[in-house]
Amino acid sequence: MRISMVGRGAEEELRSLRTWLLEDPKVRQHSKVFWETSQPQPGAMGADAFSVLQLVTDNFWQISTFSITYAAWRKTRTQAPRVTIEHNGKSVTIEGSDTETLERMIRSLSAE
């Protein structure tokens with residue numbers, strides 16, 4: 001699973017989500033969380049070395065488990081960067097944290 005954010009404060013929010021995930025015992029038990037680094041584009045000023053958060057999970061991990069953890073984290077945040085989550089070749093972009101949005105995320109990423 002790959003998680004990226006775009007918008008004001010996106011890097012700080014991605015770092016916050018990483019910390020939140022690492023503090024959850026279920027996440028630590030069933031996945032490894034790490035940064036996927038990227039090289040700066042030619043001509044770009046600076047580099048966002050931590051632009052994508054990567055989760056490698058075991059067979060017991062479920063997208064619904066991640067969704068619950070994500071929802072709990074999102075409720076603690078005041079900023080709302082756009083979040084893109086990629087899982088098993090599917091991608092969903094989330095803007096907001098309402099229940100309907102999270103249910104859409106679960107359906108989109110869990111669909112066969």
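Five strands form an open sheet in the order β2-β3-β1-β4-β5, with antiparallel pairing; two strands count as paired if DSSP finds at least two bridges between them. β2 (31-36) and β5 (90-94) stand at the edges with a single partner strand each, so one side of each has no neighbour in the sheet. From one strand to the next, the twist averages 20°.

This is a predicted model, in which local features need pLDDT of at least 70 and side-chain atom pairs count only at pLDDT 80 or more, while totals for chains, interfaces and linings use all residues. Residues are numbered from 1 along each chain as its sequence is written, and side-chain values use heavy atoms, leaving out hydrogens and water. Helices (H or I, at least four residues) and strands (E, at least two) are DSSP runs, numbered from the N terminus.

Let me turn to β1. Strand β1 (residues 2-6) is joined to β4 (residues 82-87) by 5 bridges, and Ile3 has Ile85 as its bridge partner in β4.

Next, the salt bridges, defined as a side-chain nitrogen of Lys or Arg within 4 Å of a carboxyl oxygen of Asp or Glu. The whole structure holds 4 salt bridges. One of them joins the side chains of Arg2 and Glu36 (2.6 Å, N to O). Arg2 lies in β1 and Glu36 in β2, so this pair ties together parts that are 34 residues apart in sequence. Arg2 also meets Glu86 in a salt bridge (3.2 Å, N to O). That pair links β4, which holds Glu86, with β1, which holds Arg2, 84 residues apart.

Definitions and conventions:
Axes are lines fitted to C-alpha atoms, for helices over the stretch in contact, and angles run from 0 to 180 degrees between N-to-C directions.
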